[in-house]
Amino acid sequence: MENILFEMNTSVFVDNYKATAPVSCIENAALCIRGLNVAIQGKPILKDVSFDVPPKSITCIIGPSGCGKTTLLRSLNRMHDYTAGMKVTGQVTIDGNDIYAPGVDVAALRRRMGLLAQRPTVLPMSVFGNVAYGPKLYGVKRGELLRAIVERNLKAVGLWEEVHDRLHSPAGILSVGQQQRLCLARALAVQPAIILGDEATSALDPLATRTIEELLLRLKQQLSIVLVTHTLRQARRIADHVVFMYMGEMVESGSAQQVFSNPVHDLTREFVGGSIG
Ligand SMILES: Nc1ncnc2c1ncn2[C@@H]1O[C@H](COP(=O)(O)OP(=O)(O)OP(=O)(O)O)[C@@H](O)[C@H]1O
Ligand SMILES: [Mg+2]
């Protein structure tokens, strides 16, 4: 596979950037979250959340509705920057660098973290245009290279056979499941290190859900995935690691095996056992 990063402006941290404070986390962690607090108009939503996202694996964030899963996920790529009244404190680090420190290029940061939303968010342009969008934005100009990137990423999400003869049709004509795979291809086209997903299969039927889950299981060989999951069954099927949230606090995080089979906290036991949530 050709490396396209050399064609793109990818630096996230300015040259004279200094991490605010060293954070100790597991070796090669994709992300370290330490003492993360989020409040809106002074009202706390997330309280002192800390955990590590291990590399090349799937981390599922679970917890009852309203516990702060989406807020947590959006904190990981600074999606709250534009929400009036939202205050974020604490640290989220990548490679030892705090993404909330001054001087961080937020656009470049988001290139490193592809986002898969709850409903497919195709751009109002062709299938080809959707996948080529990110690489073009980051400076890839050569048509031949763009065509290779589009083909490779559509193949990576199993869409090439289905759409290769209508690459220039509007993306909106694809089925919902195909659109979600197209969004995944669009995210992958800029070679992110992390994929974030917020209930990314909740709008899909069981077959399309399975296709996305199988893709994520394959993709974790190359990158790290953080998913807010809408069903415990999905977390049981695909999670390597689990973070259990309750009323804005992180109750427990650990391997899926540990959290599901031998949770440390009673609350976790009740949630995974189905008696709360
Ligand atoms: N922009 C906002 N303004 C006001 N309150 C907000 C905002 N965003 C989130 N909240 C509140 O923060 C809490 C956590 O919301 P969040 O969407 O993170 O929960 P969730 O765990 O993702 O829930 P669900 O499973 O229903 O999607 C909720 O009480 C919600 O109302
Ligand atoms: Mg949510």
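# Helix packing, a pocket and a cavity

Colleague: In which loop is the place of lysine 56?

Modeller: The model is a predicted one, and lysine 56 in it has a positive phi of about 45 degrees although this residue is not a glycine. As for its place in the chain, lysine 56 sits in the loop between strand E2 (43–53) and strand E3 (58–62).

Colleague: What is the phi of arginine 78, which is not a glycine?

Modeller: Arginine 78 belongs to the loop between helix H1 (69–75) and E4. Although arginine 78 is not a glycine, its phi is positive, at about 60 degrees.

Colleague: Leaving aside neighbours within four places in sequence, which residues is methionine 86 in contact with?

Modeller: Methionine 86 has its place in strand E4, which covers residues 86–94. Between methionine 86 and glycine 139 there are 53 residues in sequence and 32 Å in space, taken from C-alpha to C-alpha. Once the neighbours within four places in sequence are set aside, the contacts of methionine 86 are Val38, Ala39, Ile40, Ile45 and His80.

Colleague: How do H3 and H4 lie relative to each other, roughly parallel or roughly perpendicular?

Modeller: The axes of H3 and helix H4 (residues 143–156) are 9 Å apart, and the two helices pack at an angle of about 115 degrees. Because angles of 65 to 115 degrees count as such, H3 lies, relative to H4, roughly perpendicular.

Colleague: Which residues of H4 make the contact with H3?

Modeller: H3 passes H4 in a crossing that is right-handed. On the H3 side the contact is made by Val127, Phe128, Val131, Ala132, Pro135 and Lys136. By class, the residues of this contact of H3 with H4 are nine nonpolar, one polar and two charged. The H4 side of the contact is formed by Leu146, Arg147, Ile149, Val150, Asn153 and Leu154.

Colleague: And is H3 roughly parallel or roughly perpendicular to H6?

Modeller: H3 and H6 pack with their axes 7 Å apart, at an angle of about 30 degrees. Since angles under 35 degrees fall into this class, the orientation of H3 to H6 is roughly parallel.

Colleague: Which residues in H6 are met by those in H3?

Modeller: The contact of H3 with H6 has four nonpolar residues, one polar and one charged. Val127, Asn130 and Val131 are the H3 residues in it, and in H6 they meet Leu182, Ala185 and Arg186.

Colleague: What is the crossing of H6 and H7, left-handed or right-handed?

Modeller: The packing angle of H6 and H7 is about 20 degrees, and their axes are 9 Å apart; the two helices are therefore roughly parallel to each other. Gly177, Gln180, Arg181, Leu184 and Leu188 in H6 meet Ala208, Thr211, Ile212, Leu215 and Leu219 in H7, a contact that divides into six nonpolar, three polar and one charged residues. The crossing of H6 and H7 is right-handed.

Colleague: Turning to the open spaces, which residues of the lining lie nearest the centre of the largest pocket?

Modeller: The largest pocket has a volume of about 500 Å³ and a lining of 19 residues. That lining takes at least two residues from each of helix H2 (106–111), strand E6 (113–116), helix H3 (127–137) and helix H6 (176–188). By class, the lining of the largest pocket holds 12 nonpolar, four polar and three charged residues. Nearest the centre of the pocket are Arg110, Gly114, Leu115, Arg186 and Ala187.

Colleague: What is the volume of the largest cavity?

Modeller: The structure holds one cavity of 30 Å³ or more. The volume of the largest cavity is about 40 Å³.

Colleague: Which elements give two or more residues to the lining of the largest cavity?

Modeller: The residues that line the largest cavity are Glu199, Ala200, Thr201, Ile212, Leu216, Leu227, Val228, Thr229 and Gln234. Of the residues in this lining, five are nonpolar, three polar and one charged. The elements that contribute two or more residues to the lining of the largest cavity are helix H7 (206–219) and strand E8 (224–228).

Key: Residues are numbered from 1 along each chain as its sequence is written. Chains are lettered from A and ligands numbered from 1 in the order in which they are written. This is a predicted model: local features need pLDDT of at least 70, side-chain atom pairs count only at pLDDT 80 or more; totals for chains, interfaces and linings use all residues. Side-chain values use heavy atoms; hydrogens and water are left out. On a 1 Å grid over the protein atoms alone, a cavity is a set of points where a 1.4 Å probe fits but cannot get out, and a pocket is an open set with protein on both sides within 12 Å along at least five of seven lines; lining residues have an atom within 4 Å of a point. Grid points are joined across faces, edges and corners, and a volume is the space filled by probe spheres set on the points. Helices (H or I, at least four residues) and strands (E, at least two) are DSSP runs, numbered from the N terminus. Ala, Val, Leu, Ile, Met, Phe, Trp, Tyr, Cys and Pro count as nonpolar, Asp, Glu, Lys and Arg as charged, and the others, Gly among them, as polar. Axes are lines fitted to C-alpha atoms, for helices over the stretch in contact, and angles run from 0 to 180 degrees between N-to-C directions. Angles under 35 degrees count as roughly parallel, over 145 as roughly antiparallel, 65 to 115 as roughly perpendicular and the rest as oblique. A crossing is left-handed if the near helix is turned anticlockwise from the far one by less than a right angle, and right-handed if clockwise. Contact means heavy atoms within 4.5 Å.
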